[in-house]
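Please read it alongside the sequence and the coordinates displayed below.

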Amino acid sequence: MRDESVTVLVDGRAVQVSAGTSVVGALVQADRLHTRSSVSGEPRFALCGMGHCQECRVSIDGVAHRLACQVRCVEGMRVDTSTGRMR
């Protein structure tokens with residue numbers, strides 16, 4: 001069986017992952033371990049991996065607040081981790 005890969009853009013950086021990898025997996029490969037900030041400004045990242053905690057919210061292809069743990073990577077996908085960060 002051939003391992004197919006796809007290229008996704010994570011904060012503008014091309015990352016190659018195996019087809020079917022979760023967006024959280026792509027974020028880890030891209031060393032982007034900060035998807036949002038808590039009210040007190042502390043960095044947050046995926047916790048539960050099943051969509052309950054909501055800590056992995058990112059913008060995917062321009063749609064804000066998608067759960068990175070619940071979405072699988074597809075070729076050309078654009079992921080922006082700055083969506084949930086407080087400024």
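Glu 55 touches Thr 35, Arg 36, Arg 44, Phe 45, Ala 46 and Leu 47, if residues up to four places away in sequence are not counted. The model is a predicted one, and in it Glu 55 sits in the loop between β4 (43-44) and β5 (57-60). The points below begin with this residue and its charged partners, then turn to the other salt bridges, the strands and the core.

**Glu 55 and its charged partners**

- Glu 55 has a relative accessible area of 9% and is therefore classed as buried, since the cut-off for that class is under 20%.
- The side chain of Glu 55 forms a salt bridge with that of Arg 36, with an N to O distance of 2.9 Å; because Glu 55 belongs to the loop between β4 and β5 whereas Arg 36 belongs to strand β3, this pair ties together parts that are 19 residues apart in sequence.
- Arg 36 is buried, as is Glu 55, and a network of salt bridges links Arg 36, Arg 44 and Glu 55.

**Other salt bridges**

- The structure contains four salt bridges, and one of them joins Arg 32 to Asp 11, whose closest N and O atoms are 2.9 Å apart.
- That pair connects distant parts of the chain, as Arg 32 lies in the loop between α1 (23-29) and β3 (36-37) and Asp 11 in the loop between β1 (5-10) and β2 (13-18), the two being 21 residues apart.
- Arg 32, at 26% relative accessibility, counts as partly exposed, and Asp 11 at 29% relative accessibility also counts as partly exposed.
- Asp 61 and Arg 78 form a further salt bridge, in which the closest N and O atoms are 4.0 Å apart; Asp 61 is in the loop between β5 and β6 (63-67) and Arg 78 is in strand β7 (residues 78-80), so the pair ties together parts that are 17 residues apart in sequence.
- Asp 61 is partly exposed, with a relative accessible area of 37%, and Arg 78 is partly exposed, with a relative accessible area of 45%.

**Strand β1 and its pairing**

- Strand β1 presents a covered face, made up of Val 6, Val 8 and Val 10, and an uncovered face, made up of Ser 5, Thr 7 and Leu 9.
- Six bridges pair β1 with β2 in the antiparallel sense, and Gln 16 in β2 is the bridge partner of Thr 7.
- The hairpin of β1 and β2 has two residues between the strands, and within this hairpin Asp 11 adopts a positive phi near 50°.
- β1 also runs parallel to β7, to which two bridges join it, and Val 79 in β7 is the bridge partner of Val 10.

**The nonpolar core**

- The largest nonpolar core comprises 21 residues, and those with the most contacts inside it are Val 8, Val 10, Val 23 and Leu 27.
- β1, β2, α1 and β5 are the elements that give two or more residues to this core, and the largest share, four residues, comes from α1.
- Val 10 belongs to the covered face of β1 and, leaving aside its neighbours within four places in sequence, is in contact with Val 15, Ala 26, Leu 27, Ala 30, Arg 32 and Val 79.

Conventions: Residues numbered from 1 in each chain as written. Predicted model: local features only at pLDDT ≥ 70, side-chain atom pairs only at ≥ 80, totals over all residues. Heavy atoms only, no water. Buried < 20%, exposed > 50% of the residue type's maximum accessible area, 1.4 Å probe, protein only. Contact = heavy atoms within 4.5 Å. Pairing = 2+ DSSP bridges. Core = buried A, V, L, I, M, F, W, Y, C linked by side-chain atoms within 4.5 Å.
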